[in-house]
Amino acid sequence: MSSANTDTTEVDPGAEYEHYEAVVVGAGPGGAAAAATLASYGVETLVLERGVDAGSKNVSGGLIYAEESAPYTIDRIFDGFRAEAAERPITKYYIHNVAGTKVESFDLTDLHESDTEWSDSVLRRRMDSWLAERVHERTSEAGGGLLTEVHVNGLLTEDGEIVGVTCDELDPIRADLVVAADGVNSELARQAGLMDWERPEEWFQGVKAVVDMPADEVNDRFDISDDEGVAHLFSGDLFDEARGGGFLYTNEESLSLGTVFHLDSIVEGELESHQLLDALLTHPLLAQWLGDEYREREYSAKLVPDSKKVALREPYRDNLVLVGDAAGQMQAQGPIIKGMNHAVTAGALAAEAFAESRSRGAPEQAGRLYAKKLRDEGVMKKLRPKQYDLLGSLGEREPMAGLVDDVVDSPLGRFGVRLLGSRIETLYNSPFLTSMIPDTRTPYVTLPTVIAEELGTPVRDESHVEPPSLEERIGNLSYNTDIGNPHIVVEDNSIEASGAAVYSCPVSARDFGGGCYREETIQKNGHEERVVSLDTQPCVECGTCAVVADTTWVHPRGGKGVEFKQG
């Protein structure tokens with residue numbers, strides 16, 4: 001439903017443009033890997049980041065992986081990464097099936113350690129800022145550098161071919177290669193016609209709270225040492241039928257807690273994101289870890305692409321290549337959620353492809369070679385597994401989805417769960433089975449609920465957590481409001497066209513006047529109409545409303561808008 005400025009800027013024949021061999025847009029892990037690898041090949045590279053600092057616009061659930069099968073990992077590109085930029089090594093993984101106060105927990109360590117060299121929890125502001133310092137050093141040596149507070153707003157073209165970028169703060173820049181690492185809300189991907197935001201079922205929405213907790217308390221409450229960490233996942237009936245689940249990751253001196261749901265299930269259920277998060281925070285299962293004093297450092301949100309549906313098989317056009325979330329390279333398959341590692345691999349492969357193409361005298365072939373490398377290195381098999389295309393997607397079609405759900409919840413299905421018992425844990429640890437999980441309520445809600453009801457144990461603890469109000473969460477964030485330059489325009493403010501933004505926006509809610517979107521009743525032509533109104537000041541720039549409402553959505557200008565301190 002969203003639109004953006006899709007008009008590219010044509011080269012002025014009489015103008016002189018600054019030129020770099022490569023321009024990388026975005027200084028997250030994908031952009032950092034691309035820029036550092038380009039610099040290692042001696043490619044003159046300019047990195048443009050719209051935040052006041054790298055990481056100030058970025059949010060993630062919080063785990064980065066190094067896969068054994070990957071040709072590039074972030075610690076191989078940046079020495080000292082784990083010691084300096086990460087939080088904790090994640091050494092234990094669990095999933096909790098929840099039905100009311102009954103819980104049945106499974107150990108998923110085998111699943112998460114499959115093809116895994118290591119996995120660490122991270123906070124994006126710390127991580128991305130550390131990466132940016134190294135990127136600036138390396139690219140400066142190759143004749144480029146890194147600039148912050150620059151919003152790349154579009155593509156520069158010549159005779160219809162992409163030859164560079166345009167910016168709010170700088171004159172247009174020509175480049176032999178443009179790497180769009182500008183995240184899930186990539187304006188460049190949309191302007192190039194490679195991505196769109198038309199279907200909510202292709203996206204997840206993640207909402208997250210970073211909770212303050214001293215290191216010794218983290219160790220005591222989770223029974224770990226300084227060099228250990230734990231990941232907990234949650235599914236079942238505690239999320240009002242939304243398809244998805246919750247997570248808890250231990251950081252060095254904090255916890256990352258959040259929820260990730262299919263966006264269409266939030267819209268269909270008219271659910272409010274902050275309330276879904278609070279349902280997790282206040283569940284008695286978490287009382288053992290959160291205790292009586294709950295101190296929230298930061299509230300944040302983002303869209304997450306479902307790679308099974310949107311990962312681009314040919315993520316390029318002309319001299320433009322897309323990496324990371326901009327290309328839909330986010331592997332979200334049941335309990336497996338991997339994105340940053342794939343962005344790193346993609347960024348480095350894109351750089352490698354350009355260096356090889358340039359050495360052959362054909363830099364314009366970099367995009368084609370990059371797509372081939374993604375296939376040859378097995379990245380696309382992970383992002384778009386064939387078994388999902390063949391079997392998993394079939395399970396999403398009605399009436400098959402409803403029939404399977406009914407069978408699981410039937411006496412026969414419940415008998416099967418009791419019969420399998422602890423062997424279900426083995427099935428959960430199968431990477432092959434995980435890769436074909438259909439995006440229906442069965443694996444996210446019905447099956448976990450049945451497992452907990454038939455096999456679970458009641459939780460005896462009581463939660464004393466009192467989450468901050470939505471108003472308090474918004475008030476605790478940092479903003480640099482761009483007065484007079486709204487980055488969102490509501491094209492149709494009717495409830496029918498844009499009403500979903502009122503409840504699906506993570507900083508908006510019904511009967512709440514302090515968020516981005518609110519519902520109002522106005523007098524129009526002698527009768528009352530219900531409409532939505534917009535205030536971009538508290539926007540967390542997740543892009544949810546761009547998918548569910550009729551808007552024109554772009555990023556704020558460089559350095560403007562929300563600034564995340566944790567991420």
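Guide: Here is a tour of the pockets, starting with some ground rules.

This is a predicted model, in which local features need pLDDT of at least 70 and side-chain atom pairs count only at pLDDT 80 or more, while totals for chains, interfaces and linings use all residues. Numbering starts from 1 along each chain as its sequence is written, and side-chain values use heavy atoms, with hydrogens and water left out.

Rolling a probe the size of a water molecule over the atoms shows where empty space is left. A pocket here is an open set of points on a 1 Å grid over the protein atoms alone, where a 1.4 Å probe fits and protein lies on both sides within 12 Å along at least five of seven lines; a lining residue has an atom within 4 Å of a point. For volumes, points are joined across faces, edges and corners, and you take the space filled by probe spheres set on them.

The largest pocket holds about 930 Å³ of space. It has 37 lining residues, and the closest to its centre are Tyr-428, Ile-437, Pro-438, Pro-443 and Leu-447. Helices (H or I, at least four residues) and strands (E, at least two) are DSSP runs numbered from the N terminus. Those giving at least two residues each to this lining are strands E13 (230-236) and E14 (244-250), plus helices H15 (386-392), H16 (400-408), H17 (411-420), H18 (423-428), H19 (431-434) and H20 (441-455). H20 gives the most, with six residues.

On to the second largest pocket, at about 290 Å³. Of its 17 lining residues, Ser-114, Gln-331, Lys-338, Lys-382 and Pro-431 are the closest to the centre. Two or more residues come from each of helix H4 (109-113), strands E19 (331-333) and E20 (336-338), helix H14 (379-383) and H19. H19 has the largest share, three residues. By class, this lining has five nonpolar, seven polar and five charged residues.

Conventions
Nonpolar A, V, L, I, M, F, W, Y, C, P; charged D, E, K, R; others polar.
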